[in-house]
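Trainee: I am new to this one. Could we go through it together, a question at a time?

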Amino acid sequence: MAVDPIEQFQIHNLFPVFKIGHTDIAFTNSAAFMLAAVVGVTAFLVIGTARRGLVPSRLQSAAEIAYEFVATTVRSTAGSEGMKFFPFVFTLFMFILTVNMIGLIPYTFTVTSHIIVTAALAITVFLTVLLYGLYRHGLHFFNLFVPKGVPIYILPLIVFIEVLSFISRPISHSVRLFANMLAGHITLQVFASFIILMGGAMGALGWAGGALPFAMIVILIALETLVAFLQAYVFAILTCIYLNDAIHPGH
Amino acid sequence: MADGTRGTGDRKELPDDEAALSARLQRLGQRLDKASRPSENDFGPRSAADASAFARGFRLSTELVAGVVVGALIGWLIDRWLGISPWGLIVFLLLGFAAGVLNVMRAAGVVRERSLDE
């Protein structure tokens, strides 16, 4: 009995919502888990901040830690002015973190293991940076691509490279999150299938030997928990670094 | 907090001088203010080099690939569009590679993050 490690990423339509032309727009399992994450984060913050005690309850201090963590990240990478974008960064961070963590629970679906989701998030960040930069600095924003102190004969080449580097941002931004989640979940599934394969092939000896891949899964789950958190953090901190470009005209 | 102010003025005039006391309070207030407010220097924009090592490692892993992919994609599109195959691909792959290397050097903190007016 072979186990397909890709099967866990399949999208199922739960119920159709409406139609555009001949395309069904359906509520999928992916959408359901996104909704669960949004409801979860909202409930966490609303209940956590409901009482606002001077001596915080456990939930309240968890909410405060989440706030402080993201606020420090934003301030340290994008400056105090970057706090204007705090709601944006906080939303991204909490959403990605929750979705990643939910994905670690067996039998759940990992929303961020689909590149279309991470690409949508990355493009949102990219367009925010671009539009806010243009709104704030006008065409002066494009000076970003013209480094100072470069000899004139090499400048066109440098500008090309800088523009390409700028365009590559949403790609590296989205692929990093997507690839890490995808690879991690495939690895888990493959190790889990070893147990079943060994048990099926060698009987009792195989099940006993299955303890080895099982131990590996325990270790991998710990690693994946770390990766799930770190990827959310990396996504947030890179958003801040990119926003810093749009905010700060000079230091 | 031994900054000399206490010894010189306050102690001598303290018993009857309201003004000295209020001045002292004001100074204390200012000092507290300064200590409790995160200053611009502490939280100014910094390069990605300050991000935790893990974050930097994860960043490095995709930056180079992203640059090359963008270069290849643009080159291929230009080839198709203008019918100058394979020149667009060749030129933009090289430029994309350069952009990828630049990305990696930025992510590693070897080169400063870009900024306007600098």
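Mentor: Gladly. Axes are lines fitted to C-alpha atoms, for helices over the stretch in contact, and angles run from 0 to 180 degrees between N-to-C directions. Helices (H or I, at least four residues) and strands (E, at least two) are DSSP runs, numbered from the N terminus. This is a predicted model, in which local features need pLDDT of at least 70 and side-chain atom pairs count only at pLDDT 80 or more, while totals for chains, interfaces and linings use all residues. Residues are numbered from 1 along each chain as its sequence is written, and chains are lettered from A and ligands numbered from 1 in the order in which they are written.

Trainee: Are H3(A) and H6(A) roughly parallel or antiparallel?

Mentor: The axes of helix H3 (residues 86-104) and helix H6 (residues 211-247) of chain A come within 9 Å and cross at roughly 165 degrees. Angles under 35 degrees count as roughly parallel, over 145 as roughly antiparallel, 65 to 115 as roughly perpendicular and the rest as oblique. So H3(A) and H6(A) are roughly antiparallel.

Trainee: How many residues of the contact of H3(A) with H6(A) are nonpolar?

Mentor: Residues are in contact if their C-beta atoms, placed from the backbone, lie within 7 Å; among them are A:Val89 and A:Leu92 in H3(A), and A:Ile221 and A:Glu224 in H6(A). Ala, Val, Leu, Ile, Met, Phe, Trp, Tyr, Cys and Pro count as nonpolar, Asp, Glu, Lys and Arg as charged, and the others, Gly among them, as polar. With four polar and one charged, the nonpolar residues number 14.

Trainee: How are H6(A) and H3(B) oriented to each other?

Mentor: The axes of H6(A) and helix H3 (residues 53-82) of chain B come within 10 Å and cross at roughly 80 degrees. The two helices are therefore roughly perpendicular.

Trainee: Is A:Thr77 buried or exposed?

Mentor: A:Thr77 sits in helix H2 (residues 58-78) of chain A. A residue is buried if 20 or more other C-beta atoms lie within 10 Å of its own, exposed if 12 or fewer, and partly exposed in between. Because 26 other C-beta atoms lie within 10 Å, A:Thr77 is buried.

Trainee: What is the phi of A:Arg52?

Mentor: A:Arg52 lies in the loop between helix H1 (29-48) and H2 of chain A, and is exposed, with 9 other C-beta atoms within 10 Å. Most residues other than glycine have a negative phi. For A:Arg52, phi is positive, near 50 degrees.

How values were computed:
Two residues are in contact if their C-beta atoms, placed from the backbone, lie within 7 Å.
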